[in-house]
Structures are given as structure tokens and as C-alpha cells.
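Subject: Structure for you to look at

Hello,

Here is the structure I said I would pass on. Please open it alongside this message, as the notes below refer to it throughout.

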Amino acid sequence: MSSSAIDAESPDLVCQLDNVQGLVDALSAVRWKRHQDAVIELSEHGIILIVEETGCLQAKVYLQRELFVRYEYSAQGRPRFGVSLGLFADCLNTFSAPGHSSLIEIRYPGPDMQLLVKSVDSPDACIYAEVRTRIPDMISWDYNFEPAGSTPLTFTVKSAALKEAIDDLEWPGSSIQIKLQPVPPSVSFKGEGHGDLQIDFMYYVNTDLLIAFHCDREVSYRYKYKFLRATTSNLPGCVIKDNRGSKLIIGRGGMLKVQHLVSVARTSNQHPHTDSAGYQQPSRIAYIEFFVKPEEDEDTIN
Amino acid sequence: MGKVCHLFLTREKAYFLHNLLSGEGIQCVAQFHKETLFDDYRISSQNEDCIAFAIDISLLQRAVRSGVSICSEIGAAGSAANRLQIKLVKKLPPNCTQAMPFLTFETKGYKSAVIQDVPISKPLSRAQGLELQTALDMAQDIPPTLVQVPDLNQLQNFVHRMKHVGDLLKVSIYKYGDLHLQISTTLITLGAEFRKLLVIGEKAVAPSEDRNLSAQTRSERAISRGDAQSVQVSVKHFSKSLQCHLAKPDCAFFGIAPQGACLTVIFQFFIPGTR
């Protein structure tokens with residue numbers, strides 16, 4: 001914790017955001033169960049929120065400073081603190097009213113190291129919150145995502161299709177094999193449990209579904225279904241509505257990285273027919289990343 | 001609000017009362033002057049012309065709805081002379097040996113007449129009626145200060161979302177027209193403050209030195225000065241009582257009953273065209 005934290009007059013961070021709903025959506029994307037502890041890290045580049053589970057799954061929400069209307073950072077080092085993710089998201093949700101964009105101010109730390117949030121757009125009606133923070137006690141699992149070899153093993157798929165595929169794999173359950181092969185260029189998800197189910201995404205057959213594909217050798221890893229499901233279980237509706245793509249990368253040792261894009265743009269500025277990320281300023285996007293470790297008994301075909 | 005309510009009829013007024021005889025939860029009173037509802041109104045009973053009974057709300061609503069649809073057909077046909085007639089009757093239902101009380105809705109349509117019998121409880125005894133009357137009198141204690149909330153929709157939205165954060169809500173009402181809501185738990189404090197609302201009843205002028213204080217400090221100072229009162233209510237109850245805004249009231253007032261006995265929310269409905 002930085003020394004300036006003690007001085008309430010110059011907080012580590014004061015920032016203002018005009019799209020609370022976008023922030024709630026981004027945080028909700030990494031809520032896969034009721035009680036989750038999150039670590040928030042502040043820096044001059046923005047805010048990162050990290051949640052993880054049993055050393056096998058980690059999720060990060062990147063809120064770059066460009067998302068904020070105002071971002072004043074004055075801490076030394078990078079302050080980190082723990083909050084309850086559910087409570088924080090539910091609390092922010094009370095600031096968001098349908099059909100009306102509200103300007104909120106987030107400040108850290110308060111007099112008692114709280115995270116302070118208040119609405120600042122109306123002088124006669126004010127919503128405020130003080131969220132108790134704690135010293136982050138979890139030791140971040142060293143996921144150290146590195147590319148597997150010289151060319152990246154990656155594909156980009158429509159977020160809606162990815163979610164649907166993972167939802168469909170629920171009945172075989174337990175463990176899911178993800179296989180990438182260059183000839184024919186395709187990705188397959190295969191579940192073996194109560195029954196077998198294989199879902200194939202062929203690159204050339206349907207470029208609407210599989211938007212990008214890079215793979216120079218056949219590779220396959222198995223992942224626990226519940227962790228895979230966590231990566232899409234709470235995907236916000238706006239991601240589907242905006243018809244966005246999710247990028248999946250397999251790194252060294254089979255580490256799977258799943259990246260989603262959540263819009264934090266003002267709704268009033270949004271074009272009703274946005275059909276890809278390209279139409280929106282990239283600076284108004286929150287990046288969501290999941291890191292999933294493969295199962296121990298993976299059978300790698302290299 | 002609930003499945004069953006008490007219908008309490010007096011010489012002057014008709015009351016729909018929900019949960020008035022229990023000390024907990026939301027008590028709900030809807031009162032109508034006889035002229036508001038009826039063209040012609042006749043009542044007589046051995047109990048000073050007061051009658052009270054319990055009725056199933058969904059059955060009552062169904063009967064009224066069907067009556068309305070028939071009446072509107074007549075209206076379209078150009079004759080509005082025949083309206084809905086409501087009678088309290090005792091009838092012998094099929095396969096029964098004892099006559100049962102009903103509220104009968106008689107609608108004379110253009111070509112047909114529809115009679116609907118809505119079963120009701122036995123009329124309340126004199127003692128029960130008195131109990132209901134006492135509870136009603138207590139519930140109608142007007143708080144010394146009432147503030148008017150202009151945007152009920154916004155308030156309901158906020159309170160609805162607040163439900164996820166905590167269970168107990170502190171509601172403070174200030175004589176200078178502020179309404180302050182706050183949930184405090186060990187992990188979070190979440191509140192909202194609405195200022196410069198219309199005040200009815202006891203008023204005060206907000207001290208200028210309080211203007212730039214935080215909502216919590218202002219609340220403490222106002223309460224200690226006697227310019228504000230606060231009560232704790234269940235967020236769920238509060239949210240439920242706000243659902244009344246779906247009936248599109250013309251205005252809504254919030255106040256705290258003397259001695260902080262309860263939070264009173266008054267929804268006012270004007271007869272269309274009389275505002």
C-alpha cells in the first residue's frame with residue numbers, strides 16, 4: 001500500500017466513468033459463482049480486477065484509463081486491495097438506471113481504506129457507497145502465459161457461438177478436449193462423460209463463425225468442463241448483441257487463454273447496427289481474459 | 001400485496017385493507033369515498049352500518065374486469081344507463097345445506113346479463129370489526145412531515161437493485177425536504193439521498209453549513225437537531241410497497257409515523273380530470 005493512502009486529501013485514485021452498466025457487464029463476466037474474492041490493482045494505465053479459483057482458473061478484467069472520463073492517479077507503486085466481487089458488482093448496479101446514463105466517481109482509498117463510489121451527475125439526488133476493502137491474502141497463481149512455439153495457436157470465434165457450444169457440452173460434462181488441426185483447418189470441442197459430443201468449427205466452411213484461425217500443427221488438450229464453462233457462463237448480453245468475437249489462444253503447456261471484449265461506450269453514442277468491434281473506438285472496450293490450466297493427464301499430440 | 005384482503009364498508013367510505021390485523025410486514029390501506037366508486041350506495045347493518053369481510057383479491061379482480069369489459073361494450077353501443085350492480089347476498093351453493101355469503105356482480109349488457117358470485121368470508125363480528133377499525137385508525141395517523149418523491153420509477157429501480165446488497169434499510173426523512181436511504185453491513189454502506197423535495201407538514205430550513213457535508217454526517221446532525229426522523233425497514237417490504245407505482249399514482253409521499261412506529265407511504269390518485 002502506498003504511503004499516500006493515509007492522506008485522505010490526496011487519494012491514490014480518483015476517476016469518473018459515464019457508463020456504469022458497461023462496468024457492471026465487464027465485472028459480471030467474471031462472476032461464475034456466488035461468493036468470489038477479487039483483487040483490484042490500480043496503476044497509471046488503468047484498473048485491473050483479478051479473480052481466481054483453486055489455482056486452475058484465473059480471470060482478469062482490464063479497465064484501461066481511456067474508459068474513464070477522468071482518471072487521476074497519484075500513487076507510488078501499484079496499490080492492491082481485495083473486495084468481494086459480487087458485492088462490488090451489485091453495488092455498482094444500483095448506480096445504473098435503465099435508459100439514463102449516470103456519471104459516477106470512484107475514489108480510493110477512503111478514510112478507512114474503503115473504496116468510495118458516488119454518483120455526481122445531479123446535485124439534488126446522490127447515490128453513494130463505501131465498499132470495505134481488505135489486504136489481498138491470496139497469492140496469485142503464477143500463470144505465466146507464454147506462446148507455445150514460434151507461431152501462435154489461436155482462433156477467434158463468435159462469442160455467441162462459443163457460449164452455445166460450451167453450454168451444449170454440459171451433458172457429457174466432466175472433461176472437454178479442445179483440438180486444433182491445420183488440415184483441414186478446424187477446431188473441435190469433444191466431451192466424453194455420460195455420453196460423447198463433438199462440436200467442430202471448420203475454418204473455411206463458415207468464416208462467419210470462426211473469424212480467424214492460426215495453427216501450424218495438430219494440438220489437443222483437455223480442460224475441466226466447469227472451468228471452461230466459467231469462461232462464458234456469465235457473458236453479458238451486450239457481447240452477444242454487439243456480435244463480438246472471442247479470441248482463444250493455447251499457450252505453452254496447454255494453458256488456454258480466452259479473451260472477450262465488453263463495450264463500455266456510452267449507450268447514446270452507440271450505433272444501433274454495430275456489427276463488429278471495428279466500428280467502435282477500441283479505447284471504449286474492457287478486455288476480459290480467462291486463463292484455464294489443462295488437466296494433468298493431457299495427451300498432447302505434437 | 002397478498003391473496004386476501006378485508007373489504008370494510010362504512011356509510012361514507014369503502015376500504016380495502018391488507019394485513020391490518022397483524023403487527024408485521026406491510027399494512028396496506030386503500031380508501032375510496034363512496035362517490036368515487038358508486039353512483040348509488042346503500043348500506044345498513046346492526047353494527048352502525050359498517051360491514052367488513054375477507055375477500056380473495058384475484059376473484060374480485062376477475063369479476064370487476066369482466067364487468068368493465070361488458071360495460072365498455074354498452075358504452076360503445078351508446079347506452080350507459082345500465083351499470084354494474086354489486087350486492088352482498090347469502091345464497092345456497094349447489095351440494096350445500098348452508099347458505100354462504102357472496103358478493104354478487106350483476107352486469108346488464110346490450111343483449112345479455114351476467115351475474116357473478118364472488119365468495120366472501122362471513123361478515124366480521126362486532127369485536128373483530130372494532131379491532132379492524134382501531135388498526136385502521138392507527139394506520140391513518142398522518143406523519144408530521146411528508147416529502148413528495150417525484151420520480152417513483154427511479155426510486156423503485158434503485159431499491160430493487162439494493163435488495164442484493166443488504167436486508168435492512170434505514171429511511172430518514174428531513175423537515176427540509178430530504179429523503180435519505182441507507183443500507184449498512186459490515187462490508188458495505190450503500191445509500192441514496194434525494195434533496196429539495198416538496199414538504200407537507202412540519203418544515204425547517206436546511207442550515208447552510210450542512211450543505212457540503214457527506215450524506216451520513218448530514219443525517220446524523222439533522223436527527224440530533226430534531227430536524228429529521230429515521231426508521232429501519234426491510235428492503236424487501238420497502239421495495240414491495242413501491243410496486244404501487246405500477247398503478248400510476250398521481251403523487252407519492254413518504255413520512256414517518258409519530259414515535260417512529262412505521263414508515264408511511266401515501267399514494268394519491270385523482271379522479272381523472274379533477275386535478
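Predicted model: local features only at pLDDT ≥ 70, side-chain atom pairs only at ≥ 80, totals over all residues.

The contact between the chains

Chain A puts 16 residues into the contact and chain B puts in 18 residues. On the chain A side, the elements that supply two or more residues are α2 (85–93) and β9 (125–131). β9(A) has the largest share of that side, with seven residues. Sorted by class, the side of chain A that touches chain B consists of nine nonpolar, three polar and four charged residues.

For a place to start looking, take Ala129(A), whose bridge partner in β11(B) is Leu190(B).

Helix α4 of chain B

Which residues of helix α4 (residues 152–162) of chain B are buried? They are Leu155(B), Phe158(B), Val159(B), Arg161(B) and Met162(B). These residues sit on the same side of α4(B), because they cover an arc of only 165 degrees around the axis.

The buried residues of α4(B) pack against elements of both chains: α2 and β9 of chain A, and β10 (179–184), β11 and α6 (235–242) of chain B. Here α2(A) and β9(A) come up again; they are the elements named above for the side of chain A that touches chain B.

The two domains of chain A

Chain A is divided into domain 1, residues 3–131, and domain 2, residues 153–292. Where these two touch, domain 1 of chain A gives 23 residues and domain 2 of chain A gives 25 residues. On the domain 1 side, α1 (20–28) and β4 (57–64) of chain A are the elements with two or more residues in the contact. The largest share of that side, eight residues, is from β4(A). By class, the domain 1 side has 12 nonpolar, six polar and five charged residues.

Most residues other than glycine have a negative phi, and most peptide bonds are trans. The following places depart from that pattern.

Two cis peptide bonds are in chain A:
- Tyr108(A) to Pro109(A) is cis, with omega near -5 degrees. Pro109(A) is in the loop between β7 (104–108) and β8 (115–119) of chain A.
- Val183(A) to Pro184(A) is cis, with omega about -15 degrees. Pro184(A) is in the loop between β11 (175–181) and β12 (186–192) of chain A.

Two residues of chain B have a positive phi without being glycine:
- Asn19(B) has a phi of about 65 degrees and belongs to the loop between β2 (13–18) and β3 (28–33) of chain B.
- Asn95(B) has a phi of about 60 degrees and belongs to the loop between β5 (84–91) and β6 (100–108) of chain B.

Are these two asparagines exposed or partly exposed? Asn19(B) is partly exposed, because 18 other C-beta atoms lie within 10 Å. Asn95(B) counts as exposed, because it has 5 C-beta neighbours inside 10 Å.

Regards

Note on methods:
Residues numbered from 1 in each chain as written. Chains lettered and ligands numbered in written order. Contact = placed C-beta atoms within 7 Å. Helix = DSSP H or I, 4+ residues; strand = E, 2+ residues; numbered from the N terminus. Nonpolar A, V, L, I, M, F, W, Y, C, P; charged D, E, K, R; others polar. Pairing = 2+ DSSP bridges. Buried ≥ 20, exposed ≤ 12 C-beta atoms within 10 Å, placed from the backbone. Arc of directions from axis to C-beta. Domains from an automatic or database assignment.
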